[in-house]
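Hello,

Here is the structure I promised to pass on to you. Have a look at it first, and then read on for what turned up.

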Amino acid sequence: MDPNHTISASATSGSDFGGSVFDHVVQAPEDPILGVTVAYNKDPSPVKLNLGVGAYRTEEGKPLVLNVVRRAEQLLVNDRSRVKEYLPIVGLAEFNKLSAKLMFGADSPAIQVKRVTTVQCLSGTGSLRVGAEFLARHHHQRTIYIPQPTWGNHGKIFTLAGLSVKTYRYYDPATRGLNFQGLLEDLSLAPSGAIVLLHACAHNPTGVDPTLQQWEQIRQLIRLKGLLPFFDSAYQGFASGSLDADAQSVRMFVADGGECLAAQSYAKNMGLYGERVGALSIVCKTADVASRVESQVKLVIRPMFSNPPIHGASIVAIILKNRDMYNEWTVELKAMADRIISMRQQLFDALRARGTPGDWNHILKQIGMFTFTGLNTAQVAFMTKEYHVYMTSDGRISMAGLSSKTVPHLADAIHAAVTRAI
Ligand code: KET
């Protein structure tokens, strides 16, 4: 090689080209939900309160690792026969079987005749995404109807998966309840085959669920119109404290012999947020269809994340298969649900005691982790600025982030926001 022709280091160093190849990249906004925690973390105030993300906190304001989860982890650590080999593309078989039972019922005929395929995915979000990508490839109707409003990530997940997103009316701000007529009208106008996203229970962000009677009407309409239900089950056990009661809506749609999808998350009900444990089930007409569907779901997963992580799914499997541990889990789950319900009563009482104008009964009536307060964006901004209370701009507060100690501060903030007529 001719030394005179060696390329000088400076000629190739990035700095000599002036700008970055990414100079055109603009700063993206923070996520509307997870960004609340980012802002909260930056606030030095000692009275700051994070009611943004839906994550359970104890009465002391601390994150909670369930006792039963710690026990399961101990068993995992002590079991020297466990290895870290890759799981199959569809995940841990035992976890999938037990997750399907949890969702559809221990004696579900659909499971018995093998018309359900269940695959382990990356928590609720990953399960929704895999299900949506499968539908975008294989379902004849690529439109999905999501409730208005809904969890902020739904629209993005489905759009990026290749589905076209439309909304159906769900919440009526005037009554702070379900817009049942609007829902029925919008779904009856949906084209045949359209996918309908339904929150299995504890609708996020509104905390408003259909009654069982209303579910039955929704079911009839969906079946009559040949729509395809896709359930998002992120809060099983958190709505009522009972795992079976919170799965009723989904089970109604499986009992009629029809087809549906369900995305399950163990983030909230087992407190496994960061372990990213969830499952996607596709309930088909027959075992033969279910087996072909599973073969195609594997083709979605393999290039996306290859196969799912082993640790969290192993924790879940240990708890679900051991009767004693399962029972311990249900007790701990009920305690979390009950603490949230007691926060509802305490916040309601605190506002009443302050004579805060407005009807606050919805705080008691709403179901699940959140209260959809009805506070507007300006009121939320005021509460954050003046009281260091962090919540999503749509007025949603995570009741699980409250404690007896912080209720008075929140009530003061709400009272000020409402009475200052912002
Ligand atoms: N579905 C719904 C309805 C939902 O509220 C969440 C999370 C998820 C799915 C996804 O959870 P995962 O962690 O992927 O299993 N909601 C809370 C956290 C978040 O936004 O990521 C929230 O609304 O605060």
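To start with the record: an unreviewed UniProt entry lists residues 48-414 as "domain: Aminotransferase class I/classII large". Please keep in mind that this is a predicted model. Within it, the span 48-414 is 45% helix and 16% strand, and its end C-alpha atoms are 14 Å apart.

Next, the ligand. It is surrounded by 17 residues, and the closest are Ser 123, Thr 125, Asn 204, Asp 232 and Ser 265. Asp 232 places an N or O atom of its side chain 2.6 Å from a nitrogen atom of the ligand.

Asn 204 is joined to Pro 205 by a cis peptide bond with omega about 10°, and Pro 205 sits in the loop between strand 7 (195-199) and helix 9 (212-225). There is also a cis bond from Gln 148 to Pro 149, with omega near 0°. Pro 149 is in the loop that runs between strand 3 (143-148) and helix 7 (153-161).

Finally, the helix packing, where helix 12 (residues 311-321) meets helix 3 (residues 67-78): their axes come within 9 Å and cross at roughly 110°. Angles of 65 to 115 degrees count as roughly perpendicular, and helix 3 and helix 12 are therefore roughly perpendicular to each other. Helix 3 contributes Val 68, Val 69, Ala 72, Glu 73, Leu 75 and Leu 76 to the contact, while helix 12 brings His 311, Ser 314, Ile 315, Ile 318 and Ile 319. By class, that contact has eight nonpolar, two polar and one charged residues.

Helix 12 also packs against helix 13 (residues 323-354), with axes that come within 5 Å and cross at roughly 100°. That makes this pair roughly perpendicular too. Here the contact involves Ile 318, Ile 319, Leu 320 and Lys 321 of helix 12 with Arg 323, Met 325, Tyr 326 and Trp 329 of helix 13. These residues divide into six nonpolar, no polar and two charged.

Best wishes

Terms used:
Residues numbered from 1 in each chain as written. Predicted model: local features only at pLDDT ≥ 70, side-chain atom pairs only at ≥ 80, totals over all residues. Heavy atoms only, no water. Axes fitted to C-alpha atoms, helices over the stretch in contact; angles between N-to-C directions. Helix = DSSP H or I, 4+ residues; strand = E, 2+ residues; numbered from the N terminus. Parallel < 35°, antiparallel > 145°, perpendicular 65-115°, else oblique. Contact = heavy atoms within 4.5 Å. Nonpolar A, V, L, I, M, F, W, Y, C, P; charged D, E, K, R; others polar. UniProt positions renumbered as here; feature names shortened; annotations may be inferred. Near = heavy atom within 4 Å. Polar contact = N/O pair within 3.5 Å; in protein donor to acceptor, adjacent residues only side chain to side chain.
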